[in-house]
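Please keep the structure open beside them.

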Amino acid sequence: MSATPAPISRVSAEDEAAILALNNEHAAELSWLEPERLSFLLREAFYARRIGDLEAFIMTFDQDANYDSPNFVWFRERYPRFVYVDRVVVAAQARGRGHARRLYQDLFGHVERAGHALVTCEVNTDPPNPASDAFHAALGFTEAGDAVIHGGKKAVRYYIRRISV
């Protein structure tokens, strides 16, 4: 008998403190957030979901978001309509349960229902993140470009995945 997977739910204001803590545990891979910035980003988000008692979360933006991330801006300068995956994080104790894959699959359905045809994201190349590269390739993402950002402190690879609408 297998356990029922934890549900995917919309992120609510009550989740913000836990999301902030989980995000900031992974600030090297994501970016550090202050509480006010997280609240702002969640209001701008196209799709923000969590699994269970915050075993994982995802936050995305569409092309119309008021967002100044250099990675988001890179996509906005090249694609008229898209959904950008800004951050996905799985708590250490919940890894290996397929949460990131479930969040992406749920996102793809939401994107398609909204009439979007393109999902975008970036993965660090310096510092390297080969597990994330392999994960995104397995989900059907292909490389669209690269950049060095934050004054040379970080390098990233940009990915896109087409959604049939």
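1. In these notes, buried means under 20% relative accessible area and exposed means over 50%, with partly exposed in between, using a 1.4 Å probe and protein chains only. The model is predicted, so local features need pLDDT of at least 70 and side-chain atom pairs count only at pLDDT 80 or more, while totals for chains, interfaces and linings use all residues. Residues are numbered from 1 along each chain as its sequence is written, and side-chain values use heavy atoms, with hydrogens and water left out.

2. H26 is found in the loop between helix 1 (16-25) and helix 2 (35-44), where helices (H or I, at least four residues) and strands (E, at least two) are DSSP runs numbered from the N terminus. Is H26 buried or exposed? Because its relative accessible area is 12%, H26 is buried. Leaving aside residues up to four places away in sequence, H26 touches V89, V90 and R95, a contact being heavy atoms within 4.5 Å.

3. The largest pocket has a volume of about 720 Å³. Of the 27 residues lining the largest pocket, V88, V89, N129, S132 and H136 are the closest to its centre. A pocket is an open set of points on a 1 Å grid over the protein atoms alone, where a 1.4 Å probe fits, with protein on both sides within 12 Å along at least five of seven lines, and lining residues have an atom within 4 Å of a point. Strand 4 supplies the largest share of this lining, six residues.

4. The second largest pocket holds about 280 Å³ of space and is lined by 19 residues, with S31, Y67, S69, R87 and H150 nearest its centre. Here too the largest share of the lining, three residues, comes from strand 4.

5. A search of the whole structure finds 15 aromatic pairs, meaning rings of Phe, Tyr and Trp (its six-membered ring) with centres within 6.5 Å, called stacked when the planes are under 30 degrees apart, edge-to-face when over 60 and tilted for the rest. F72 and Y84 form an edge-to-face pair, 5.8 Å centre to centre with 65° between the planes. This pair links distant parts of the chain, with F72 in helix 3 and Y84 in strand 4, twelve residues apart. F72 counts as buried because its relative accessibility is 0%, and Y84 counts as buried because its value is 1%.

Notes: Points joined across faces, edges and corners; volume = space filled by probe spheres on them.
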